[in-house]
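I opened this model to look up its rings, its helix packing and its sheets. My notes follow in that order.

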Amino acid sequence: MTSRRTAQGPGHRTGVILVALAEQTTVTAQDLSRRTAIPISAVYRHLNDLVQLGLVSHTRTRGRYCAGSLAVQMAENYRRETLSGGEVKHRLTQLSADTQELAAFLIPSGHQVLCVEAAEGSRMIKCSFSPGLTKPLTFGASAQAILAHLPRERVTAVGEAHALTAERVSALHVELRRVRDRGYAVSTGAVDEGVWGVSVPVFDRLGQVTGTVSTMAPEFRIRHNHQTLLTLTHAAAQDISRFDELLS
């Protein structure tokens, strides 16, 4: 469970509730109260307002809530205005065509890594990453390509949020140094069993990491072409970094 320190203002509480809800497919008011440390009566008040605004919806299961219809519009606006006016999607589509594998663009979101765009290759793959889905910002190529370029205290906070032991946090710091030195991250089976992934970070004009480009494929398919996949993924990440520089 992730506890969050809440401020006095109702606006902050609303934001905290939306963040907690975004990390789950569906939740109950009780779930939100536990995760946010906001009293259950206040959670219900905020949920009622958010439902009326269209930011939150009731699910078909009584007592559970999910993202509302307005979230779809907001997500589309994000893709159009923030993701380089469609250039990120276009570049991912080119990458997936070149590799015939799944290509994705992921960003840090709190203590999670969030997939915001993806393009499927011509070959099938069973993978957890598709737009809107999150995974812990801890292990796996996509998470580590981002974590390697975040401040050490942020990495420690992520480890604490996911209840990692001190030994695992220490091991994570060691692995992140390796990732930072070589400029990319690779993992096999860290998120999905049998899935290999390579991730290259994307930076803005100030040199701050904004996300990562990842290529994912079944392990058995990359034994003889992993270097080609790395080269193509690196080129895509450089191009998307340039898109970000133009928008900054």
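I began with aromatic pairs and found zero in the structure. A pair here means rings of Phe, Tyr or Trp (its six-membered ring) with centres within 6.5 Å; planes under 30 degrees apart count as stacked, over 60 as edge-to-face and the rest as tilted.

A note on what I am reading: this is a predicted model, where local features need pLDDT of at least 70 and side-chain atom pairs count only at pLDDT 80 or more, while totals for chains, interfaces and linings use all residues. Residues are numbered from 1 along each chain as its sequence is written, and side-chain values use heavy atoms, with hydrogens and water left out.

Next I looked for a charge over a ring (NZ of Lys or CZ of Arg within 6 Å of the ring centre and within 35 degrees of the ring normal). R182 has its charged end over the ring of Y184, at 5.4 Å from the centre.

Then I turned to the helices. Helices (H or I, at least four residues) and strands (E, at least two) are DSSP runs, numbered from the N terminus. At what angle do α2 and α3 pack? I read about 115° between α2 (residues 29–36) and α3 (residues 40–53), with the axes 9 Å apart. Axes are lines fitted to C-alpha atoms, for helices over the stretch in contact, and angles run from 0 to 180 degrees between N-to-C directions.

I listed the residues in contact (heavy atoms within 4.5 Å). From α2 come A29, Q30, L32 and S33; from α3 come I40, V43, Y44 and L47. By class, this contact has six nonpolar, two polar and no charged residues. Nonpolar covers Ala, Val, Leu, Ile, Met, Phe, Trp, Tyr, Cys and Pro; charged covers Asp, Glu, Lys and Arg; the others, Gly among them, are polar.

I moved on to the sheets, where two strands pair if DSSP finds at least two bridges between them. I found three bridges between β5 (residues 112–119) and β6. V113 is opposite K135 in β6.

Another open sheet has three strands, ordered β1-β3-β2 and antiparallel. β1 (27–28) and β2 (56–58) each have a single partner strand, so one side of each lacks a neighbour in the sheet. β2 pairs with β3 (residues 64–67) over three bridges. S57 has C66 in β3 as its bridge partner. α3 packs on this sheet, touching β2 and β3, and its direction makes about 100° with that of β2.

Two bridges join β1 to β3. V27 has Y65 in β3 as its bridge partner. Last, I checked the hairpin of β2 and β3: five residues lie between the strands, and G63 takes a positive phi near 90°.
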